[in-house]
Structures are given as structure tokens and as C-alpha cells.
Amino acid sequence: MRPLNLLNYPSLDRQRRAFHRWWSGLVGLLLGGALAWAWQQWLVLETARLQQVQSHLEEAWARRTQRDQEAGRHQTQMRWQAEQAGHLQQIVAHQKAWMALHKALQQEAETQDLRLVRLQAEAGSLELHGAMARFDAMDDARQGLSDQLAQVFALTSMAVGASDEVNFVWQATWPAAQGGLWTSPVRPRTAKP
């Protein structure tokens, strides 16, 4: 128990108030410093956490950008391959059409004594210049060629040569020149008596 001081001296009272101010100021200073230090430590930790989150986000963004670039390259490559496949299909269709024409001409040459003088294909049309020994076989050969290739070969000119050979020009549309293909298979023909 504190002794009871009945006398209150003004200097003693001043000393107590000064001591109290000094002590409360020191406590406030220490408490403020502790709070400032704690706040700074929290900011350091929060900054480190945010930098880590930012680093993860940047890595994710870089991965996504790389995936998008790879997808774009893959899509470009697939488009290029599709275009190449389309070109190859057109080449194959054109080659098949030429092979069908060649086979049909060979067959007609063997069965009808057809001699091909010139073959010209351009701008979607085909022009055959040929000669035959017999006039009556010319129409059969033209019809046989038309049937085999599912094309209508029309007679555009005809002349009799010096050796009684019939010279002719047949024309037909040429779908292979435009990327098309004759769909009708080549049918074998037998020689006419």
C-alpha cells in the first residue's frame, strides 16, 4: 500500500507529470515503432506474395502465348497441307482423265484403224485431229470414243486426203482442264466386222 501523502508539493507534482509524459511518450514511441515495423514486415511479405503471383501469371501468359503461336503455326501448316492435297487431287484427276483418254484412243485405234494426227487440249475443250482409212468407220469410232469417255465428240471438219484417207477434227469439252474428272469408267469395245 502506498503511503498517503497529505502534502502536495507543486514541484513534486510537476516532476510526476513530467515523468508521466516522458514515460507515456516513450511507450507511444515504442508502440508506434513496433506497429510501423510490423506494417513494414507485412508489406514486405505481401509484396513478395504479389510478385510470386505476378511471376505465375507471366509464366501462364507466356505458355498461353506459346500455345497460341503453336496453334497458329499448326493451323497454317494444316491449311497449307489441305491446299497441297487439293492440288494433288487435281493433278491425279487430270492424270486419270488423260489416261482414260489415252486408253480410249488406243482402243479405237486398234479396233477402228484410227490414226491420231494431233491432240490439243486448252480452255476446257479437247480437239482431236485424226485420219481413218474408211469413211464408214469414222462415225463408229467417234461414237465409241464418246461412249467410253462419257463426252460428246462432235465432228467439226472433215476432208478426204490424197490417199483416200478421211481426215477429220473432233471436238469435246475437256473437264480435266478445269480440275474435273470423267466419272464414267472406260468400257471395253469389241472390233466391228
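N167 is partly exposed, since its relative accessible area is 31% (partly exposed falls between buried, under 20%, and exposed, over 50%, with a 1.4 Å probe and protein chains only). This is a predicted model, where local features need pLDDT of at least 70, side-chain atom pairs count only at pLDDT 80 or more, and totals for chains, interfaces and linings use all residues. Numbering starts from 1 along each chain as its sequence is written, and side-chain values use heavy atoms, with hydrogens and water left out.

**Around N167**
- You'll find N167 in strand β4 (strands are DSSP runs of E, at least two residues; helices are runs of H or I, at least four; both are numbered from the N terminus).
- Skipping residues up to four places away in sequence, N167 touches G130, A131, S157, M158, A159 and G161, where contact means heavy atoms within 4.5 Å.
- M138 sits 29 residues from N167 along the chain, and their C-alpha atoms are 9.5 Å apart.

**Overall layout**
- The protein has 2 helices and 4 strands, running α-β-β-α-β-β from the N terminus.
- Of the 193 residues, 20% are buried.
- Take the contacts between residues at least 6 apart in sequence: 59% of them join residues at least 24 apart.

**How the helices pack**
- Helix α1 (residues 10-112) packs against helix α2 (residues 135-149) at about 150°, with the axes 10 Å apart (axes are lines fitted to C-alpha atoms, for helices over the stretch in contact, and angles run from 0 to 180 degrees between N-to-C directions).
- That makes the pair roughly antiparallel, the label for angles over 145 degrees.
- On the α1 side, the contact uses A100, L101, A104, L105, Q107, E108 and Q112; α2 brings A137, D140, A141, G144, L145, Q148 and L149.

**The core and L145**
- The largest nonpolar core has 20 residues, and L101, M132, L145, L149, F153 and W170 have the most contacts inside it (such a core is a set of buried Ala, Val, Leu, Ile, Met, Phe, Trp, Tyr and Cys residues joined through side-chain atoms within 4.5 Å).
- At least two core residues come from each of α1, β2 (125-132), α2 and β4 (166-173).
- Beyond its neighbours within four places in sequence, L145 is in contact with A104, L105, E108, L128, F153 and W170.

**A buried arginine**
- R142 lies in helix α2 and counts as buried because its relative accessibility is 17%.
- Residues up to four places away aside, R142 touches F153, A154, L155 and W170.

Key. Parallel < 35°, antiparallel > 145°, perpendicular 65-115°, else oblique.
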